[in-house]
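Welcome! Have a look at the protein shown here, and then try the exercises with pencil in hand.

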Amino acid sequence: MLWYYCTEYYDSIGLRSMRAHYKRHGVLPEMKGRYRWGRGPQFLVACMGLVANSVTLVNFPQGIVQFGFWPFFTAYAICLLVIGLPMIYLEVLLGQFSSSGALGIWRASPLFKGVGICMLIRSALLVVRESGVACYTTYYMFLSMFRTLPWSGCDNTWNTKQCWEGRMEVKTSEGNVTSAAATTDDLFRLGSVKSSPVEEYFLSHVDSGKPDPALGIPRPWIVACLVMLWSLIFVCLTWGIKSLGKVVYVTTILPVVLLGTLLVRGVTLQNGGQSIAAMFATSALADTDGELGYLDHIINYELWYVVGSMVIQSLVLGYGVYAAMASHGSFTHSCLRDSVITALWSFAINICYSVVIFSYSGFYALVWSKDVSAAHYGDYFYIFKVIPDVISRIDVGHLFGICYFLMLTLFFLSTILILVANIETSLCDQFSQALGTFRRRVIFHATICCTLLIAGLPVTTDNGFRVVSIIQRFEGRWQGPLFLCLQCIAFAMIYNYTFCGPRAIYQIIKQMLGRRLDRNIIMDILWVSLTPMVLFLLVFATWWFWAEQDYELWHTRTLEEKVIEIVFYAVTSGFIPLWALMWSLYCLIIGPGSCCEKGKQNKNQKNSR
């Protein structure tokens, strides 16, 4: 009975009325007065700019080091086919057909609308994390404009006695000695406790790295970079979706050009080519003994768990962003093509970035007499330690520093722009009458930007990266696979087989694209059975692995850490059961066919007698 109410509610504004309105007028009622993408593949470019976020760029090279390139490549390709492509396609279909964002698409199954609310909350947390990392890369980009980099030596006021510049006798590809040599006798003088100039600059000017729970005060220059980024985001948001589509051309294509420039320079570095060859080796770099082969890694359940989570994070799934972006497109747009290109682009950009990272890591390992696998791949600190150390030792390194940090800033800025547009689109759909004028929309955009700017200020403090790690730890655990699993259940199962006849999703495809896809067995298997099963196993594995670790560490945590963890879980997933309970009570008490309505009908029948 409850499922009947959940689908019947959508009948008055759902699939049937949309079809009839589109046949008569050639446009959906929701698209009247709605901002649309401009000419060209703006929607596709926006999706391509979304997939290069900070978590993936940090964790993808670490996965190659841990499991080996070819096992990791195989697992990633399979997870991309089973999880990534079907979920992108489903979300784009729903957004394009309904012309609604992350909240509006749940009119098809209102019982699960709490998932859409949690998606927007997760989008806001992801924006805070990405903007925090982006302000640091912007700060380093401005520092790289100076010919003499501030972290290029140990003779600065903030350096300690443990500062060591490494093996400075290493030569570049041009054969020029970088600077005065520091002999290996310094290793015995300093003992095992030594630090590089880059590391000391990072700890003294960017992040203290102390375990102190107090965050400290915001650093002025970092705050200035954060304000500059949000000012740019506000301008792009106010100009509308057409101008945003033009901006993403720059934030998506220019970083690829810069990535190619860095790749050419990295290959010519000493030990760079050898490091890239080691990346494509059959055995994992972390397996120094070479005991584990290809099949040993393939049958390792940890590989599939890591890769499945990484695919979801890389494609930014579980945030409703693809539905919001597709809602501004044409009703008859070929969304399958864009979904395939977006999935393949994410895979390709991560591999190219990993090649660049390994080429520079080879030179870094040679300077510091380390193995390539010990270069802090799975840490944000890698961005601000290894690459700055290398660019401080090569000719015209400051120019390559500008290229590297500008590339990262544009990658992160593109992700932030699309996520903020997702929040703005979804909220404007819900409050369209209150935000009908341009002035009100500008005030609304300013409110969103100021709120997220204030929320990101803790990232600019002395322990800012501690805040980033907390958001990444509690926001990206099991919420993404859970939301995607519920999305499959709500649309591909309940809506697809209980409302408007069987296989309603394929009727939507036929209506939009004019193709008869009622017998698409491959997508039917993925949406209905295989993809939700894999997502459920991923959620279960996440709960199982993290429960073991949390149970051991729970008693060692402070009260503040326990409160933060509980609040994060409640905020990012608590609206799902809360909304389901509220909607169930509404359907049973107030809604059509409820107890109150039946009582009124009985009363009217008695009065008529």
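Predicted model: local features only at pLDDT ≥ 70, side-chain atom pairs only at ≥ 80, totals over all residues.

Residues are numbered from 1 along each chain as its sequence is written, and side-chain values use heavy atoms, leaving out hydrogens and water.

**Exercise 1. The overall picture**

Solution: 
- Step 1: Take helices as DSSP runs of H or I with at least four residues and strands as runs of E with at least two, numbered from the N terminus.
- Step 2: Call a residue buried under 20% relative accessible area, exposed over 50% and partly exposed in between, using a 1.4 Å probe and protein chains only.
- Step 3: Among contacts between residues at least 6 apart in sequence, 82% join residues at least 24 apart.

**Exercise 2. Glutamate 199 and its partner**

Task: With which residue does glutamate 199 form a salt bridge?

Solution: 
- Step 1: The rule asks for a side-chain nitrogen of Lys or Arg within 4 Å of a carboxyl oxygen of Asp or Glu. By this rule the protein has six salt bridges.
- Step 2: The partner of glutamate 199 is lysine 385, with the closest N and O atoms 3.7 Å apart.
- Step 3: Glutamate 199 sits in helix α8 (residues 197-205) and lysine 385 in the loop between α15 (335-367) and α16 (386-391), so the pair ties together parts that are 186 residues apart in sequence.
- Step 4: Lysine 385 counts as buried because its relative accessibility is 6%.

**Exercise 3. Two further salt bridges**

Solution: 
- Step 1: Arginine 219 is in the loop between α8 and α9 (220-239), and aspartate 462 is in the loop between α18 (438-455) and α19 (464-475), 243 residues apart.
- Step 2: Arginine 219 is buried at 16% relative accessible area, whereas aspartate 462, at 25%, is partly exposed.
- Step 3: Glutamate 424 is buried at 10%, and arginine 441 is buried at 18%.

**Exercise 4. A helix pair**

Task: At what angle do helix α3 and helix α10 pack?

Solution: 
- Step 1: Axes are lines fitted to C-alpha atoms, for helices over the stretch in contact, and angles run from 0 to 180 degrees between N-to-C directions.
- Step 2: Helix α3 (residues 42-50) and helix α10 (residues 241-267) pack at about 50 degrees, their axes 9 Å apart.
- Step 3: Residues making the contact include Val45 and Met48 of α3 and Gly245 and Tyr249 of α10.

**Exercise 5. Positive phi**

Task: Where are asparagine 271 and valine 396 found?

Solution: 
- Step 1: Most residues other than glycine have a negative phi.
- Step 2: Asparagine 271 has a positive phi of about 70 degrees and is found in the loop between α10 and α11 (272-279).
- Step 3: Valine 396 has a positive phi of about 45 degrees and lies in the loop between α16 and α17.

Methods
Contact = heavy atoms within 4.5 Å.
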